[in-house]
Amino acid sequence: METMLRALNPLYLAREDATRTGLAWTVHLAPQALQGAARVFLDAGLHLEDICGLDVKEGLCIVYHFDGMEAFSRVEVRVMVPHDAPEVSSIAAVYAGAEWHERETADFYGVVFTGNPNPAPLLMPEGMQGYPLCKEPSARASLAATCATEGRGAEVLHSEDGFTLLDAPAPAPGAKQEKPARKPKEAADDA
Amino acid sequence: MRDPEARQGTPTGDGYTCRFEQGAREGTLILNMGPQHPSTHGVLRVLLELDGEYIVRAEPVLGYLHRMHEKMGEVKAAGQFMPNMGRVDYLHALAWNWAYAGAVERLADIKVPERAEYLRVIVTELNRISSHLLWWGAYLLDLGAFTPIMYAFDDREKLLDILQIPTGSRLTYSYFRFGGVYADVPDSFTQRIREFIPHMRSRLPMYKALVTDNMILRHRIEDVGIIPEEMCVRYGATGPVVRGAGVPYDVRRAEPYGIYDRFDFDIPVHTECCSMARYMVRIDEMEQSLRIVEQAVAQLPAGDHVNAKAPKPTGKLPAGETYFAVEGARGKIGVWLVSDGGKTPYRVKLRAPGFSNLHLFAECARGTLLADAVAILGSLDMVIPEIDR
């Protein structure tokens, strides 16, 4: 699995602690590397669990979950696209099941999946204005505020030079979320 | 039949029909099955292109029951979102309870007391049986057999009476709490389960003799709707669909959660890939759920039903992300929970098994008879609110 993931030329690759995150691996890919990665995953027998979005300060993060049927090996693949041009190539030619997940993500976030065989709205009415899960710019958190590597037991295997999306955020005044990600009891009790 | 030339003129129907018509062959008929067709169980619409009685193309059209649960998850405190879970899939509500509670507990590192772990298993497995019973009755109703659903509802009623004792509801359960369950159970609960297990075991052979071995049913669903393993992988189909294709994939084994690793049970697998195989998987699973419940009731320890130190349901979650999967009656349920440490979760993604299972219908139905479409759709055990979320 590790060799396979390294061969995808990821921007970032980490082995996760499944007891804490439910994930086995996290991979950041450049948008153009996605289709090739999907083909590798299909050849390895992984199935597609879901595709969804995450609206963060740095852009729209498109998240793919794959898992194996023979052994647990959930891979979270993240692809970051800019807010003003959220576009990524479709993987429906590889994983037929991606078609609906991509249409749903297009409905919720306005992401354009180039090459989707049927890019009609799936769950939203046709002609609807706006995207329900996009956040107001002021409400956006940084990716590192939610998914930072630190404090979740992840072992970083590769990080491209200049890849800083997941570095622990610098403490900002008055922001509780800037605490290290894993201080469960205290953080949860202070409500 | 509509004049093929009419397709060249002013389009009729909505955007989905218009687009679907454009790829149609000459001399075929475009038919909208649903969204108010009795065999689509809720409001599923399937666009069909028919050549005589044969399906040339099919396209499910979703969204009629879409409620944007994922948005609700972002605007409510974590605990306030729990009642939504019973409304996502009303037939196996407790599995969805578990998926969401599990995600929160994993993120916030909340421990669950032993007794609560056992109660979770008991109610979730009973709920799985009640889901399979309703599917069984409704599927046979779709296929033209009226009587079985009467038997199924008789047994299901007993289950709902039992589940009502701790949960207080009969369908849209909201029984799980972060760190345990809502209420402890009285002795009458375990007593009634002990009575129910032999009763159900006496019914299953009758169902086999009455329905499963019936030649009319077998001719109707055997070798119909072939879904091989390769197709399941491409679509992400799980649950009885993939186990009917010979793959022993079950989240309770592949990624054990709760205390499922303590019980002795089998993962029923059938290799024929047809509607009958999926039918048999669900029938066999009822006995396996009974086995699990039997063991769990026998081992049920005394103690707390909820972790008293668990954070308040309206409390903040720590920042981070977590994925939690459980085995629902229809397959792998997944909750991807992302928190930035704020008052409400930052993102709640709900992975519904029915969504992926239904998607492959278009490919699977190609070239089959229209009447078989009903046999195939029913064999996928759809719950439309779960698919649309």
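Trainee: What makes E6(B) and strand E7 (residues 331-339) of chain B a pair?
Mentor: Two strands pair if there are at least two bridges between them. E6(B) and E7(B) are joined over 9 bridges, in the antiparallel sense. That meets the cut-off, so they count as a pair. Keep in mind that this is a predicted model.

Trainee: Which residue of E7(B) stands opposite B:Glu321?
Mentor: B:Val338 does.

Trainee: What holds paired strands together in general?
Mentor: Strands of a sheet pair through backbone hydrogen bonds.

Trainee: Why are strand E6 (320-328) and strand E8 (347-351) of chain B said to stand at the edges?
Mentor: Look at the order. The sheet is open, has 3 strands and runs E6-E7-E8 in chain B, with antiparallel pairing. E6(B) and E8(B) each have a single partner strand, so one side of each lacks a neighbour in the sheet. Neighbouring strands are turned by 10° against each other on average, direction ignored.

Trainee: Which strands does H4(B) touch when it packs on the sheet?
Mentor: H4(B) touches E6, E7 and E8 of chain B. Its direction makes about 150° with that of E6(B).

Trainee: How do the axes of helix H4 (residues 93-108) and helix H5 (residues 114-142) of chain B lie?
Mentor: They come within 8 Å and cross at roughly 145°. Residues in this contact include B:Trp98 and B:Glu105 of H4(B), and B:Arg120 and B:Val121 of H5(B). By class, the contact has 7 nonpolar, 2 polar and 3 charged residues.

Trainee: Now the two chains. Why is the link between A:Glu104 and B:Lys349 called a salt bridge?
Mentor: The test is a side-chain nitrogen of Lys or Arg within 4 Å of a carboxyl oxygen of Asp or Glu. Here the closest N and O atoms are 2.9 Å apart.

Trainee: Which element gives the largest share of the side of chain A that touches chain B?
Mentor: E3(A) does, with 11 residues. That side has 34 nonpolar, 13 polar and 20 charged residues.

Trainee: How much area do chain A and chain B bury between them?
Mentor: About 5,000 Å², 57% of it on carbon and sulfur atoms. In chain A, A:Met69, A:Trp100 and A:Leu123 lose the most area to chain B. Together they give 15% of what that side buries. The contact takes 67 residues from chain A and 56 residues from chain B.

Technical notes:
Residues are numbered from 1 along each chain as its sequence is written. Chains are lettered from A and ligands numbered from 1 in the order in which they are written. This is a predicted model: local features need pLDDT of at least 70, side-chain atom pairs count only at pLDDT 80 or more; totals for chains, interfaces and linings use all residues. Side-chain values use heavy atoms; hydrogens and water are left out. Contact means heavy atoms within 4.5 Å. Buried area is the accessible area (1.4 Å probe) that two parts lose on being put together, summed over both. Helices (H or I, at least four residues) and strands (E, at least two) are DSSP runs, numbered from the N terminus. Ala, Val, Leu, Ile, Met, Phe, Trp, Tyr, Cys and Pro count as nonpolar, Asp, Glu, Lys and Arg as charged, and the others, Gly among them, as polar. Axes are lines fitted to C-alpha atoms, for helices over the stretch in contact, and angles run from 0 to 180 degrees between N-to-C directions.
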